[in-house]
Amino acid sequence: MTTPPIATTAPAPGEPGTTGAASAPGRIEGRSLGRIAWTRFKRDKAAMTGGVVVILLVLLAVLAKPIEAVFGLDPNVPHSDLLDPNLGGLPLGSFGGMSLDHPLGIDPLQGRDLLARLIEGSWVSLLVAFGATVLSNTLGTVLGVVAGYYGGWVDTVISRVMDTFLAFPLLLFAISISATLQGGAFGLHGLPLHIAVLIFVIGFFNWPYMGRIVRGQTLSLREREFVFAARSLGARGPLILFKELLPNLVGPILVYSTLLIPTNILFEAALSFLGVGIQAPQASWGGMMNDAITYYQVDTSYLVIPGLAIFLTVLAFNLLGDGLRDALDPRSN
Amino acid sequence: MTDTQPAAVPSPTPSPERDPQRAPLLKVTDLVRHFPIKGGGVLRRKVGAVRAVDGISFAVHPGETLGVVGESGCGKSTMGRLVTRLDEPTGGTVEFEGRDITHLGAAAMRPLRRDIQIVFQDPYSSLNPRHTVGTIVGAPFKLQKVATEHGVKRAVQDLLELCGLNPEHYNRYPHEFSGGQRQRIGIARALALKPKMIVADEPVSALDVSIQAQVVNLLDDLQRELGLTYLIIAHDLSVVRHVSDRVAVMYLGKIVEVADRDTLYSRPAHPYTTALLSAVPVPDPRRKERRVGAAPGEGGGRILLTGDVPSPINPPSGCRFRTRCWKAQEICAEQEPLLELLSPGQQVACHFPENQQSPENQVTTP
Ligand SMILES: Nc1ncnc2c1ncn2[C@@H]1O[C@H](COP(=O)(O)OP(=O)(O)OP(=O)(O)O)[C@@H](O)[C@H]1O
Ligand code: SF4
Ligand SMILES: [Mg+2]
């Protein structure tokens with residue numbers, strides 16, 4: 001009975017009732033659900049593409065500063081010599097001043113390198129989107145699972161709070177809070193403060209979406225007999241929540257998170273576009289679009305470049321999220 | 001272990017419930033569970049109730065198996081959850097080993113959980129898909145902080161072996177097993193703490209017919225080996241026939257008949273039992289003889305129940321079975337028949353019981 005679990009290449013002799021005995025070596029290991037999901041995921045071309053793009057984007061964002069240093073890119077250095085004062089500060093040359101030195105051109109008036117700004121903007125945009133997603137999904141998961149499992153008045157109170165949050169005029173709040181905190185708060189100033197405010201505003205007011213999803217899932221999970229089984233063994237509420245229910249919610253949470261990140265990227269862009277997010281001169285994708293809006297009639301490329309970056313990011317995350325949902329769905333095969 | 005336990009069925013006393021020496025292990029009195037129906041609107045006021053369990057009484061004695069049979073929706077699972085205290089009764093009492101556990105809190109219930117365990121109806125939902133078999137069957141030891149002689153892993157493997165599973169499958173996930181194997185895993189989990197009593201809620205109804213017998217036999221063997229007491233729920237009489245000492249028949253939240261196994265199958269007294277019996281397929285040709293002799297239904301033919309089961313929200317007045325009963329009279333709508341002793345070892349709730357020897361009790365059907 002105590003076969004040593006060594007990975008011998010010899011097949012297990014006569015393992016009764018072991019389905020994969022012939023193919024599996026001596027060690028008998030369950031094919032975990034994660035492994036099965038990965039097998040399915042690998043077959044999904046669109047999802048794999050999305051996943052690769054997401055990984056590249058994250059690498060770009062994390063390595064933004066080193067990349068800028070290595071390639072000598074600086075998002076905030078003006079190149080006024082490349083601007084044409086006769087045209088009101090538009091870049092010299094065609095296509096927004098594209099050249100070998102500035103592959104994506106330079107921006108009007110200030111002449112800053114757009115590639116550098118795009119790379120610099122990536123970490124700001126992704127950090128805000130990730131931060132806000134983590135915040136809203138943590139809040140949503142905890143409150144949703146508690147509401148769904150305990151039900152009764154706990155559920156009623158949490159559900160009403162969710163409704164209230166969803167009815168909240170988010171934009172007004174964002175504008176007023178960033179105006180109030182202009183001078184600094186919690187020991188934060190400048191960029192860190194702006195990022196923190198964005199994460200808070202986006203994350204704190206979006207948790208009810210996650211909360212509703214998790215609550216719904218929990219409502220159906222808690223009627224599953226394994227929850228009764230845990231209770232019949234004397235398991236306490238928190239243990240049931242974290243050991244029995246939460247592992248079954250990881251899939252939906254993961255899927256919804258990958259779908260929420262692009263929404264939050266758009267949110268960051270919108271808020272920065274409205275001037276209440278990241279402040280100049282710091283580059284962010286939303287901010288770049290804000291800068292471009294005055295010139296879109298002269299040269300659309302200023303709008304297209306950050307727009308395309310946002311579009312590709314959103315698309316990649318959505319493809320990844322859809323693929324994850326299919327891969328983790330126990331009904332699909 | 002087995003020899004300290006009294007024999008499962010004491011043959012000299014045909015009905016265990018009237019043996020004064022044997023205190024019941026589980027005693028249920030007037031048990032009620034109504035699920036409130038909330039209306040719409042903000043206040044969600046109670047507008048009615050699903051009377052899932054509506055006043056049932058029975059007792060289970062040590063070493064005995066009580067089968068509980070009834071159609072889908074008659075409140076069997078609810079009853080199972082009430083006696084295992086997974087649900088709070090609306091009324092009545094549940095006593096375990098003479099102790100009233102009806103309203104014990106979760107903390108007070110915890111030590112008792114070792115003694116009374118439950119095997120669930122759906123093997124696909126009773127095992128957490130995200131846990132390995134080792135985690136699932138080992139959970140009782142961890143939750144109840146029970147020390148094991150050679151470690152939890154060894155204890156789990158012993159349990160798997162006891163239930164006819166490969167102990168090496170410790171690391172596998174539930175989805176890698178068939179329904180029958182999953183049910184065995186569920187049984188192994190229920191046995192981990194060496195309970196005195198096991199409530200099995202339709203342990204085989206989700207399984208293929210060919211597998212059903214294997215699982216029922218496993219339960220039977222385990223009872224003999226470990227001296228267990230069973231409350232086995234089923235939706236047809238054929239499943240529990242083999243394993244039960246006594247059988248209770250439920251209809252719409254009520255027990256309509258309780259009797260010793262042989263009495264119930266040979267001389268069913270309640271028309272509903274008769275109807276259920278006539279629907280029982282005869283799997284074993286050797287038993288066919290007895291069955292024909294029993295002559296379910298007056299003519300010995302098959303009785304087909306017509307009409308739907310009435311709603312447990314608004315059950316019929318008087319006898320709940322009267323809307324489908326071919327013997328119903330006026331009194332059946334006016335007076336609720338009480339569960340009364342008909343003959344030794346047989347209680348029935350019917351104004352005009354079947355298979356009566358004395359002619360004055362026999363009422364001719366119109
Ligand atoms: N939590 C609940 N809330 C409201 N009604 C419920 C609840 N649980 C059960 N019921 C109702 O109580 C009645 C009895 O249900 P129960 O599950 O006990 O039936 P059952 O005899 O086990 O049926 P089955 O053979 O289908 O398992 C049904 O009408 C059901 O709809
Ligand atoms: S009491 Fe009347 S209606 Fe009910 S089962 Fe008996 S005969 Fe039928
Ligand atoms: Mg049931």
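I began with the contact itself: from helix 5 of chain A, Asp155(A), Ser159(A), Val161(A), Met162(A), Asp163(A), Phe165(A) and Leu166(A) meet Phe204(A), Phe205(A), Trp207(A), Pro208(A), Tyr209(A), Gly211(A), Arg212(A) and Arg215(A) of helix 7 of chain A. Contact here means heavy atoms within 4.5 Å. By class, I noted 9 nonpolar, 2 polar and 4 charged residues in this contact. The classes are Ala, Val, Leu, Ile, Met, Phe, Trp, Tyr, Cys and Pro as nonpolar, Asp, Glu, Lys and Arg as charged, and the others, Gly among them, as polar.

A reminder to myself: this is a predicted model, where local features need pLDDT of at least 70, side-chain atom pairs count only at pLDDT 80 or more, and totals for chains, interfaces and linings use all residues. Residues are numbered from 1 along each chain as its sequence is written, chains are lettered from A and ligands numbered from 1 in the order in which they are written, and side-chain values use heavy atoms, with hydrogens and water left out.

Next I checked the geometry. The axes of helix 5 (residues 152–167) and helix 7 (residues 190–221) of chain A come within 8 Å and cross at roughly 135 degrees. Axes are lines fitted to C-alpha atoms, for helices over the stretch in contact, with angles from 0 to 180 degrees between N-to-C directions. Helices are DSSP runs (H or I, at least four residues), numbered from the N terminus. Helix 5 of chain A passes helix 7 of chain A in a left-handed crossing, meaning that the near helix is turned anticlockwise from the far one by less than a right angle (clockwise would be right-handed).

**Helix 4, chain A**

I then turned to helix 4 (residues 114–150) of chain A, whose axis comes within 5 Å of that of helix 7 of chain A, crossing at roughly 35 degrees. That crossing is right-handed, and the contact has 21 nonpolar, 11 polar and 1 charged residues.

**Ligands**

Which residues come nearest to ligand 1? Of the 14 around it, I listed Ser72(B), Gly73(B), Ser77(B), Thr78(B) and Glu202(B); a residue counts if one of its heavy atoms lies within 4 Å. An oxygen atom of ligand 1 is 2.5 Å from a side-chain N or O atom of Ser72(B).

Around ligand 2, Cys319(B), Cys325(B), Cys332(B), Cys350(B) and His351(B) come nearest of 13 residues. I logged that shell as 9 nonpolar, 2 polar and 2 charged.

Notes
Helix = DSSP H or I, 4+ residues; strand = E, 2+ residues; numbered from the N terminus. Polar contact = N/O pair within 3.5 Å; in protein donor to acceptor, adjacent residues only side chain to side chain.
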